Amino acid sequence: MGSANGKAAEASFSNPMGLAVDSGGNIYVADSHNNLIRKIGADGMVTTLAGSGKDGSADGKGSSASFFSPSAITTGADGNVYVADTQNSLIRKITPDGVVTTIAGRLDPNKVTDPNSLQRMDKPYGIAVGKDGAVYFTDWGKNLVRKINPKGEISIIAGNGDPGAKDGTGVLASFYIPEGIAVDEKDNLYVADSYNNMIRKISPQGVVTTLAGKKAKGHKDGKGAAASFLKPCGIAVDKKGNVYVADVGNNKIRKITPDGMVTTLAGTGKRGSANVPANKASFCIPNGVAVDNAGNVYVADYQNNLIRKISP
């Protein structure tokens, strides 16, 4: 554990959670327990993009800004980085030069009377940005998936607020502690519905279906409901529509094809940190996952305090 900057093994993290990769091959890390946003350049050099290291909610540039257990991160086509600042119940934006602003949320959300207010959220946990600049996030404590459009207006994409596992359109659907979220080239959303042990898909029209998994805990590969997960968390999607999942409870990284076929990409299921061929590798509570244009998959290995790479 630590917060040292430097190249590769010289650097250190403290329970990294969210990961994102931009078109230039830079990797961004929500370094949760350090309350920092870190950047790993294409050359492997680790720097701190923003955050003081102390918990807080200050906007500002670089180390004058502060976060409180940020859990997820994503990059937009505009070059900005977006953060689900979980314990602050805020959505933050960071410009390429490290200027942090709060774009949604407030520190006392329960004092907001309008239930659909942009300021009322409860521990946003996953975040993604669409091609048009819309920001999507999972409202962990409210069992909702929400959207901030480019004008700054908020809406509920799916979920009725009550814990459940119903498929359906918009508020007719339900989730139970949704965590990671990703968006594909066609504006479909994918959600790691953690306590349901399911991976859900939301169409651009707001229709929620279950892509893979079932409520029963497990670690089986297979198609659709024949597959099983244990508290899936981080999620990413590549340009071909393949979905990658950090299956936290199983210490595995899973892959789902567009037709719902689940396989284990890496991990034996046992806790460890072995760097070996994928089927023999080990993780310890892998939390965040990201994929680049070349098909490399990156993993925030939470308990090992490592950022791992799985080559194609």
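The following legends describe close-up views of a predicted model.

**View 1. Strand β10 and its two partners, β6 and β9**.
Strands of a sheet pair through backbone hydrogen bonds, either parallel or antiparallel. Strand β10 covers residues 99-105, and its pairing with strand β6 (residues 60-61) is antiparallel, with two bridges. Within this pairing, K61 has V99 of β10 as its bridge partner. Strand β9 (residues 90-94) also runs antiparallel to β10, and here five bridges join the two strands. In this case I94 stands opposite V100 of β10. Four residues separate β9 from β10, and the two strands form a hairpin. In the turn of the hairpin, G98 has a positive phi of about 90°.

**View 2. The open sheet β25-β26-β27**.
Three strands make up this open sheet, in the order β25-β26-β27, and their pairing is antiparallel. Strands β25 and β27 are the edge strands, each pairing on one side only. On average, and with direction ignored, neighbouring strands of the sheet are turned by 25° against each other. Five bridges connect strand β26 (residues 297-301) with β27 in the antiparallel sense.

**View 3. The largest pocket**.
Rolling a probe the size of a water molecule over the atoms shows where empty space is left. The largest pocket of the model has a volume of about 1,200 Å³. Its lining consists of 50 residues, and those closest to the centre are V21, T74, T75, V237 and V291. At least two lining residues come from each of the strands β2 (16-21), β7 (70-75), β11 (124-129), β16 (178-183), β21 (232-237) and β25 (286-291). By class, the lining holds 24 nonpolar, 17 polar and nine charged residues.

**View 4. The second largest pocket**.
This pocket contains about 510 Å³ of space. It is lined by 24 residues, and N275, L306, I307, R308 and K309 lie nearest its centre. Strand β27 (residues 306-310) gives the largest share of the lining, namely five residues. The lining divides into 18 nonpolar, four polar and two charged residues.

**View 5. The stacked aromatic pair Y125 and W140**.
A search of the whole structure finds two aromatic pairs. In the pair of Y125 and W140, the ring centres are 6.3 Å apart and the planes meet at 20°; because planes under 30 degrees apart count as stacked, the pair is stacked. Y125 belongs to strand β11, whereas W140 lies in the loop between β12 (135-139) and β13 (144-148), so that the pair links distant parts of the chain, 15 residues apart. Y125 has a relative accessible area of 15% and is therefore buried, the limit being under 20%. W140, at 24% relative accessibility, counts as partly exposed.

**View 6. The edge-to-face aromatic pair Y176 and Y195**.
The rings of Y176 and Y195 lie 5.2 Å centre to centre, with 70° between the planes, and form an edge-to-face pair. Y176 is found in the loop between β15 (168-169) and β16, and Y195 in the loop between β17 (189-193) and β18 (198-202); the pair therefore ties together parts that are 19 residues apart in sequence. Y176 has a relative accessible area of 33% and is partly exposed. Y195 also counts as partly exposed, at 38% relative accessibility.

How values were computed:
Residues numbered from 1 in each chain as written. Predicted model: local features only at pLDDT ≥ 70, side-chain atom pairs only at ≥ 80, totals over all residues. Heavy atoms only, no water. Pairing = 2+ DSSP bridges. 1 Å grid on protein atoms, 1.4 Å probe; cavity = no way out; pocket = protein on both sides within 12 Å on 5 of 7 lines; lining within 4 Å. Points joined across faces, edges and corners; volume = space filled by probe spheres on them. Nonpolar A, V, L, I, M, F, W, Y, C, P; charged D, E, K, R; others polar. Axes fitted to C-alpha atoms, helices over the stretch in contact; angles between N-to-C directions. Phe/Tyr/Trp six-rings, centres within 6.5 Å; stacked < 30°, edge-to-face > 60°. Buried < 20%, exposed > 50% of the residue type's maximum accessible area, 1.4 Å probe, protein only.
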